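Morning, everyone. I have one structure to walk through today. Please bring it up on your screens.

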Amino acid sequence: MKVHNRAEHQGGILRSPVLVKVQRISVTSTATMGENAGADQVKENLLQLSCHFTWSLLFENIDIPDLEMRISEEVEFLDIMSTVGMHNLLAYVRHRKGQNEEALQSLREAEALILEETLGKRSLVTWGNCAWVHYHMGSWAEAQSYLDKVENTCKQFGSPFRYRMECAEMHCEEGWALLKCGGRNYSRAMESFAKALEAEPENPEYNTGYAIAAYRQDFDDNNMSLEPLRKAVILNPADPCIKVYLALKLQDIEETEEAERHIEEALSSTSCQTYVFRYAAKYYRRKGYIDKALQLLHKALQTSPESGYLHYQIGLCYKKQMIQLKTSRNTLSRRQGSIKELAQRAISKFQKTVELRPTFEMAYVCMAEVQAEICQYEEAEANFQIALNMENLVGHIEQDIHLRYGRYQLFHQKSEKKAITHYLKGLKIEETSYAQRKLLIALEKVAERWVKQNVRPVESTSLLGLVHKLKGNMPEALLYYERALRLTGEMNPEF
């Protein structure tokens with residue numbers, strides 16, 4: 001049969017090309033709609049998982065290079081625990097960088113370790129992350145295959161949830177991920193380890209995680225990390241890192257003999273030396289043994305040359321040497337030359353730190369303090385302002401920045417008024433900490449001096465009332481407020 005050139009013949013039926021085209025579009029549209037529906041269902045299932053993609057890990061994109069480096073270091077040098085969790089976190093960070101292929105490679109390494117270590121419930125984290133990465137790459141079938149693995153494991157362990165388990169192992173995994181991602185996550189990390197400990201109070205790993213999380217938040221006189229650290233050391237006698245943390249805490253409360261014992265034991269271990277060296281160096285710096293601290297830091301730097309933390313600690317050592325020299329009895333000319341040299345060394349190390357970790361607020365502050373000591377006031381002001389204007393600062397750190405900037409204004413710029421302004425800004429942050437206590441002491445000293453010199457008597461008397469109020473000494477606070485009222489007839493609303 002002759003077929004017209006503007007028609008198609010199918011199964012003995014003439015079809016118009018326009019009709020055929022419409023039908024093809026309809027089929028394609030139906031397929032696309034089906035795929036979209038499938039993708040939506042996969043996404044809905046993914047959101048039920050418990051893994052790095054659903055834990056709301058808080059860190060800035062600008063910090064990703066440093067975070068990636070620190071995770072890689074932990075995979076390489078932390079040789080006393082499984083690295084599956086760090087491979088998972090590395091995969092998530094690489095996904096955040098847009099490197100999904102590299103993320104999959106990290107997850108393959110995690111999967112290989114799962115097969116070796118028989119991790120059971122913890123495997124759910126790796127499979128959940130695999131599902132998410134495949135989803136973001138458009139491989140929905142692969143994503144679903146990992147979701148199926150999660151579902152089967154949840155059934156196997158009798159979980160009431162289809163795609164997640166509420167258990168100690170999962171809380172522990174979440175805790176380590178939160179702990180590694182920085183200060184904004186520490187409180188939640190501690191909560192996660194606490195949940196794990198409810199199920200297994202004597203588990204060595206859970207106790208270690210809880211103790212480290214507590215130590216990272218131990219910034220007041222409660223010493224809340226002391227007993228958790230002691231328990232973690234007992235349960236983990238072969239872990240030198242936890243011994244160094246305990247030694248640092250004991251140093252805080254001047255338990256020097258016990259602290260020395262733990263430091264010596266940690267340094268005699270061959271495990272985790274890069275980590276032991278960096279924290280033992282902090283111990284020796286605070287003790288005043290700067291040469292010993294620098295020796296350990298330079299050893300650690302050989303294996304971790306791009307560690308912002310190490311460069312920062314070396315900067316702190318040079319800063320302390322500079323301060324020691326300023327207060328020494330050496331001849332003035334010798335001191336001035338050496339002071340400037342040490343200051344430049346410290347500044348160089350702090351500059352390296354902020355290159356590697358652009359949001360490391362205290363590196364800017366320490367750099368500013370050193371610059372102020374050698375009269376580089378313009379540079380000091382610029383660095384203080386960078387720190388003061390950072391967002392999402394942890395409360396006690398923000399207090400400390402205001403304290404230090406206030407001191408700078410007081411001692412270097414001779415501005416008591418600006419110092420008071422920043423002491424007050426720090427005290428408005430409602431968090432109990434060492435910095436808060438120092439702010440109160442600093443504010444009290446300036447206010448008392450003003451009262452003695454009869455400078456702004458109403459304001460200075462009111463300030464002393466505020467100091468006593470914040471100390472919890474209400475009768476004394478009322479006396480000062482009443483005195484201020486008598487001086488002026490009405491209370492300044494600010495106080």
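This is a predicted model: local features need pLDDT of at least 70, side-chain atom pairs count only at pLDDT 80 or more; totals for chains, interfaces and linings use all residues.

The overall picture. The chain has 23 helices and two strands. It runs to 495 residues, and 51% of them are buried. Now take contacts between residues at least 6 apart in sequence. Of these, 59% join residues at least 24 apart.

On to the core. The largest nonpolar core holds 126 residues. Which members touch the most other members? L49 and L57 do.

Leave aside its neighbours within four places in sequence. Then L49 contacts T54, G128, A131 and W132, and also L147, V150 and Y163.

In general, rolling a probe the size of a water molecule over the atoms shows where empty space is left. How many cavities of 30 Å³ or more are there here? The count is one. The largest cavity has a volume of about 30 Å³.

Now the single residues. Look at Q217. You'll find Q217 in the loop between α9, residues 204–216, and α10, residues 226–235. Is Q217 buried or exposed? Q217 is buried, because its relative accessible area is 17%, and the cut-off for buried is under 20%. A polar atom of the Q217 side chain lies 3.4 Å from the backbone oxygen of Y186. Skip residues up to four places away in sequence, and Q217 touches Y186, S187, M190 and M224.

M224 sits in that loop as well, between α9 and α10. M224 is partly exposed, with a relative accessible area of 34%. With residues up to four places away left out, M224 touches M190, A214, Q217 and D218. One distance to note: M224 and K249 are 25 residues apart along the chain, and their C-alpha atoms are separated by 10.0 Å.

Next, T274. T274 is in helix α13, residues 273–287. T274 is buried, at 7% relative accessible area. What joins the side chains of T274 and T303? A polar contact of 3.0 Å. Not counting residues up to four places away in sequence, T274 touches F77, A300, T303 and S304.

Last one, Y364. Y364 belongs to helix α17, residues 361–373. Y364 is buried too, with a relative accessible area of 10%. Which backbone oxygen lies 2.9 Å from a polar atom of the Y364 side chain? The one on P358. P358 is also on the contact list for Y364, which leaves aside neighbours within four places in sequence. V354, N383, I386, A387 and M390 are on that list as well. From Y364 to T353 is eleven residues in sequence and 9.0 Å in space, C-alpha to C-alpha.

That's the tour. Over to you for questions.

Methods: Residues are numbered from 1 along each chain as its sequence is written. Side-chain values use heavy atoms; hydrogens and water are left out. Helices (H or I, at least four residues) and strands (E, at least two) are DSSP runs, numbered from the N terminus. Buried means under 20% relative accessible area, exposed over 50%, partly exposed in between (1.4 Å probe, protein chains only). A polar contact is a pair of N or O atoms within 3.5 Å; within protein, one must be able to donate a hydrogen and the other to accept it, and residues adjacent in sequence count only if both atoms are side-chain atoms. Contact means heavy atoms within 4.5 Å. A nonpolar core is a set of buried Ala, Val, Leu, Ile, Met, Phe, Trp, Tyr and Cys residues joined through side-chain atoms within 4.5 Å. On a 1 Å grid over the protein atoms alone, a cavity is a set of points where a 1.4 Å probe fits but cannot get out, and a pocket is an open set with protein on both sides within 12 Å along at least five of seven lines; lining residues have an atom within 4 Å of a point. Grid points are joined across faces, edges and corners, and a volume is the space filled by probe spheres set on the points.
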